[in-house]
Amino acid sequence: MKVLLTPCVRDRNEIMSKTENQQLFDFLYVDCRLKDYIVSSIGPELLMQYKGVKSTLNDCDTLMTTMKVKVYPKSPYYEIYYEYEMILRNREKSGILFDSLSLYAITTNDVFNDYSNERQYIVELLELYGYIYMSTVDIYKRIPLVPINASKSAKEFLGGQHYLGHILCYGEEYSDANGNIAMDIDQSLSNIAEEIIHLANHSKFINGNYVVDERIPKYIHFQTFEEVGDLCKEYGGCQLPDKAQSHVWHIGTCCTNEGDIQVVSSTYLYISLYIKTFYIQVRQTVTVQDNEFNTFSIKRNTFSEDAEVLLDFTAKMYYETIEILESQGYERQQEINYKVCIDVVGDEMKKEIEIGELLFGLQPNEYSYIDAIMTN
């Protein structure tokens with residue numbers, strides 16, 4: 001493919017001054033077809049945004065689709081994802097009248113094929129200059145936590161970095177001019193750094209199975225079990241069979257069905273057997289039906305702040321669960337896709353394991369990095 005490039009960017013100097021390796025972005029800034037879509041450059045990445053496409057859901061409702069592209073100059077990769085905003089107008093939910101309600105979702109799929117031509121153009125242009133596509137999921141999977149240098153501190157061990165984008169893309173750690181490593185990761189993860197290191201050092205893979213040394217004591221959670229049990233009685237939940245790494249509770253399920261919007265949310269709690277930490281998950285489906293009985297559904301495995309206004313019952317259950325655990329000194333974990341390495345018996349190589357599996361026995365397919373969007 002031959003691409004004709006014509007200088008036509010007005011704010012090029014201002015934006016380019018923020019990038020670390022300016023000439024690597026030159027071919028994007030001189031392309032007239034892209035000039036209106038380059039939004040910002042922060043640290044090691046450039047973000048391009050294509051103007052949103054509006055679709056009509058009902059007579060007064062809209063769905064906005066936006067394609068976003070991230071390009072990394074120090075490593076030849078780019079990612080493409082889509083943001084969806086569903087704007088529902090004049091809705092009464094939970095006894096409150098809203099002029100408009102907004103629901104958000106981020107996926108790697110262009111559900112309505114709004115950007116087929118734009119995607120093809122940007123992909124061909126980037127690949128012409130040697131860039132390779134990397135999915136959002138793949139980028140998350142590249143986050144390392146185990147340093148080559150064993151003399152590093154626990155916080156350094158857990159992936160401290162000057163800018164998180166570096167480690168997402170390049171798998172490296174960066175320090176400032178004084179050699180200090182800034183903490184950009186979830187603070188609750190760094191708070192239990194030593195415990196995570198201890199658990200990882202006393203864990204191993206045997207014949208493909210993850211095994212913890214029997215000498216590592218398990219926490220006794222008598223008071224926690226009692227309080228969580230009372231919460232489950234209130235909301236209709238129960239304790240589920242334990243996982244290899246955690247106790248599991250279904251706190252309860254809430255279903256609201258008001259007019260053309262249905263929301264089903266189930267709250268689950270995972271308490272680590274070995275470290276005083278927990279992970280809380282809300283498996284949620286929001287479904288909107290239009291006037292012609294077509295449906296648009298968003299499925300996600302994390303609590304959605306934008307939909308919280310629809311879920312007064314679920315929100316109460318959710319925050320009461322967190323309050324019980326945090327009041328007893330438990331650390332809540334949200335960034336469970338970071339990785340550590342543990343020994344493999346009979347092999348000199350180490351194997352990576354995600355924090356979610358290390359602490360709670362969760363497999364990647366049990367939680368999602370992105371939303372699922374379905375239409376009917």
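Where do Glu320 and Lys316 lie, and how many residues apart are they? I started my notebook with this pair, keeping in mind that the model is predicted. Both sit in helix H10 (residues 312–327), 4 residues apart, which is about one turn of the helix.

**Entry 1: the helix H10 pair**

I looked up how the two side chains meet and found a salt bridge, 2.7 Å from N to O. Next I checked accessibility. Glu320 is partly exposed, with a relative accessible area of 21%. Lys316 also counts as partly exposed, at 44% relative accessibility. Then I followed the partners: salt bridges that share partners join Glu234, Lys316 and Glu320 into one network.

**Entry 2: other salt bridges**

I picked out two more of them to read in detail.

Glu83 pairs with Lys68, and their closest N and O atoms are 3.3 Å apart. This pair links distant parts of the chain, with Glu83 in strand S5 and Lys68 in strand S4 (residues 62–72), 15 residues apart. Lys68 is buried, with a relative accessible area of 12%, so it falls under the 20% limit for buried. Glu83 is partly exposed, at 26%.

Glu366 forms a salt bridge with Lys243, with the closest N and O atoms 2.9 Å apart. Glu366 lies in the loop between helix H11 (355–360) and strand S18 (372–375), and Lys243 in the loop between strand S10 (236–240) and strand S11 (246–258), so the pair ties together parts that are 123 residues apart in sequence. Both ends are partly exposed: Glu366 has 23% relative accessibility, and Lys243 has a relative accessible area of 24%.

**Entry 3: the nonpolar cores**

Which residues touch the most other members of the largest nonpolar core? I found Leu28, Met48, Val71, Met86, Ile122 and Leu126, out of 41 residues in that core. Strand S5 (residues 77–93) gives the most to this core, with 6 residues. A second, separate core has 27 residues, including Tyr210, Ile216, Ile342 and Leu359. I noted the general background too: in soluble globular proteins, nonpolar side chains tend to be buried together.

**Entry 4: a closer look at Met86**

Terms used
Residues numbered from 1 in each chain as written. Predicted model: local features only at pLDDT ≥ 70, side-chain atom pairs only at ≥ 80, totals over all residues. Heavy atoms only, no water. Core = buried A, V, L, I, M, F, W, Y, C linked by side-chain atoms within 4.5 Å. Buried < 20%, exposed > 50% of the residue type's maximum accessible area, 1.4 Å probe, protein only. Helix = DSSP H or I, 4+ residues; strand = E, 2+ residues; numbered from the N terminus. Salt bridge = Lys/Arg side-chain N within 4 Å of Asp/Glu carboxyl O.
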